[in-house]
Amino acid sequence: MAGQGLAGKRLMITGAARGLGRSIAEAAAAEGARLVISDILEAELTQTAAALRESGAEVEALVIDQGDVASIEAGLARVAEGGALDGLVNNAAIATNVGGKTLDEYDPELWDRVMAVNVRGVWQMTRAARPLLAQAKRGKVVNVASDTALWGAPRLMAYVASKGAVISMTRAMARELGEQGICINAIAPGLTHCEATEYVPEERYAYYAAGRALKEEQHPRDIDGTVLYLLSDWSNFVTGQLIPINGGFVFN
């Protein structure tokens with residue numbers, strides 16, 4: 001174990017079967033958190049849960065389709081059986097094979113699927129988790145947005161629009177749920193090397209590399225620490241904020 005900064009806290013991380021979500025789950029476990037992980041990818045989720053348990057973590061794994069409100073509500077009913085949640089990381093999203101088309105070419109059905117998961121799903125997941133977060137001393141929500149919504153990435157219209165909506169929802173959620181002592185913040189990662197971004201053309205990676213203040217590629221581990229801070233007691237008076245994590249590609 002690296003430390004115990006989240007010792008005893010019960011955290012739910014969506015989209016945790018692989019990539020960024022798995023990395024956040026591993027980092028949180030190393031800090032002593034008890035985990036609830038969810039994803040629509042059942043086989044990968046099972047493998048991730050097994051690996052986390054091997055490392056000594058306490059893990060519950062639930063298959064949840066964030067595009068289906070019935071799946072979300074059934075999943076959170078099971079989570080409720082274990083008591084309060086100290087934190088929720090809304091990481092699940094459609095991020096693969098959503099780019100490469102201009103706004104004139106974009107498929108309306110793909111647009112609707114992206115919005116159903118990336119926007120409506122974040123709202124419905126947070127709504128379902130709210131009673132459990134309110135039971136904690138200071139519940140925390142971290143919404144995973146994207147810096148593409150800050151600099152206006154082209155040929156990625158639905159994804160950019162969805163992540164801009166997540167940023168706006170974060171602020172509105174912070175106002176509404178602050179009365180219940182719940183802190184809600186968002187992060188805006190840059191282009192991150194993981195399974196979800198394998199389809200991204202090399203020219204976009206080069207564009208990021210050239211534009212960053214820190215001339216390095218970005219990996220999931222570069223994001224973990226900020227998320228853990230936002231889930232910890234260190235951030236108990238921080239809410240409604242957006243933190244870009246992109247090596248200085250965009251300054252906020």
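How are H3 and H4 oriented relative to each other, roughly parallel or roughly perpendicular? This is a predicted model, and in it the axes of helix H3 (residues 69-80) and H4 come within 10 Å and cross at roughly 25°. Because angles under 35 degrees count as roughly parallel, H3 and H4 are described as roughly parallel to each other. The crossing in which H3 passes H4 is right-handed.

Arg-127 belongs to helix H4 and Glu-73 to helix H3, so that the pair links distant parts of the chain, 54 residues apart. Both partners are partly exposed, Arg-127 with a relative accessible area of 39% and Glu-73 with one of 44%.

The axes of helix H1 (residues 19-30) and helix H8 (residues 221-231) come within 9 Å and cross at roughly 55°, which makes H1 oblique to H8. The crossing of H1 and H8 is right-handed. Within helix H1 lies Leu-20, which counts as buried because its relative accessibility is 12%, under the cut-off of 20%.

Side chains of opposite charge can pair when their charged atoms come close. A search of the whole structure finds 4 salt bridges, and one of them is formed by Asp-233 and Lys-9, whose closest N and O atoms are 2.9 Å apart. Here the pair links distant parts of the chain, with Asp-233 in the loop between H8 and strand E7 (242-245) and Lys-9 in the segment before strand E1 (10-14), 224 residues apart. Lys-9 counts as buried, at 14% relative accessibility.

In another salt bridge, the side chains of Arg-10 and Glu-60 meet at 3.0 Å, N to O. Since Arg-10 lies in strand E1 and Glu-60 in strand E3 (residues 59-63), this pair ties together parts that are 50 residues apart in sequence. Arg-10 counts as buried, at 1% relative accessibility, whereas Glu-60, at 31%, counts as partly exposed.

Key
Residues are numbered from 1 along each chain as its sequence is written. This is a predicted model: local features need pLDDT of at least 70, side-chain atom pairs count only at pLDDT 80 or more; totals for chains, interfaces and linings use all residues. Side-chain values use heavy atoms; hydrogens and water are left out. Axes are lines fitted to C-alpha atoms, for helices over the stretch in contact, and angles run from 0 to 180 degrees between N-to-C directions. Helices (H or I, at least four residues) and strands (E, at least two) are DSSP runs, numbered from the N terminus. Angles under 35 degrees count as roughly parallel, over 145 as roughly antiparallel, 65 to 115 as roughly perpendicular and the rest as oblique. A crossing is left-handed if the near helix is turned anticlockwise from the far one by less than a right angle, and right-handed if clockwise. Buried means under 20% relative accessible area, exposed over 50%, partly exposed in between (1.4 Å probe, protein chains only).
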